[in-house]
Amino acid sequence: METDRLLLRKLSHKDVNEVFQLRSDPDSMKYIPRPLVKNSEDAHAHIATINQAIHKNEGINWAVTIKGEDKLIGIVGFYRTSFEDFRSEIGYMILPDYYGQGIVTEVVAELVRFGFEKLGFHSIEAVIDPENIASERVLQKNGFTKEAHFRENLLHEGKYLDSVHYGILKREFVALR
């Protein structure tokens with residue numbers, strides 16, 4: 001897949017340094033309640049998990065790159081896909097050097113289009129930390145509506161966290177175009 005500025009491709013083990021940088025940085029992972037990767041072996045394992053999910057038809061993630069460059073600058077994809085309900089959750093993260101450039105908004109727009117037009121989804125959701133204002137803006141720019149705020153529904157590292165759920169229906173996406 002591609003956008004005006006970006007190319008989305010399959011992750012490979014050549015992306016290990018960037019995946020390590022992305023998933024080991026406490027600032028990058030601030031709003032993602034997952035363990036930090038500790039070494040390149042953990043990063044390789046993360047890449048393998050992503051690619052196994054594709055082969056098992058359980059989810060799909062892409063490496064986000066700038067056109068003309070092959071370096072991974074982020075990861076975007078669908079998680080927790082429910083094919084029987086034609087629904088999936090979108091997730092995304094980007095290296096801090098690329099914050100504030102509209103890249104995530106651009107890539108989310110393409111992923112939403114792909115989900116509705118190519119994968120046949122009826123709805124797409126996103127689950128974010130309520131303090132992640134930048135992610136909230138990305139979703140709102142892409143037509144997502146806040147559906148729920150769950151209080152202390154996630155336990156991560158001994159602490160209960162809130163989550164905010166956003167969603168967009170295919171008919172809302174079509175109306176935006």
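This is a predicted model: local features need pLDDT of at least 70, side-chain atom pairs count only at pLDDT 80 or more; totals for chains, interfaces and linings use all residues.
Local features require pLDDT of at least 70 and side-chain atom pairs count only at pLDDT 80 or more, while totals for chains, interfaces and linings use all residues. Residues are numbered from 1 along each chain as its sequence is written, and side-chain values use heavy atoms, leaving out hydrogens and water.

Across the whole structure, a search finds four aromatic pairs (rings of Phe, Tyr and Trp, the last by its six-membered ring, with centres within 6.5 Å; planes under 30 degrees apart are stacked, over 60 edge-to-face, the rest tilted). One of them joins tryptophan 62 and phenylalanine 78 edge-to-face, at 6.5 Å centre to centre and 75° between the planes. Because tryptophan 62 lies in strand S2 and phenylalanine 78 in strand S3, this pair ties together parts 16 residues apart in sequence (strands are DSSP runs of E, at least two residues; helices are runs of H or I, at least four; both are numbered from the N terminus). Both residues, tryptophan 62 and phenylalanine 78, are buried (under 20% relative accessible area; exposed is over 50%, partly exposed in between, with a 1.4 Å probe and protein chains only).

Turning to charged side chains, the search finds 11 salt bridges (a side-chain nitrogen of Lys or Arg within 4 Å of a carboxyl oxygen of Asp or Glu). In one of these, glutamate 106 meets arginine 5, with the closest N and O atoms 2.6 Å apart. This bridge links helix H3 to the segment before strand S1, 101 residues apart. Glutamate 106 counts as buried because its relative accessibility is 18%, whereas arginine 5, at 33%, is partly exposed.
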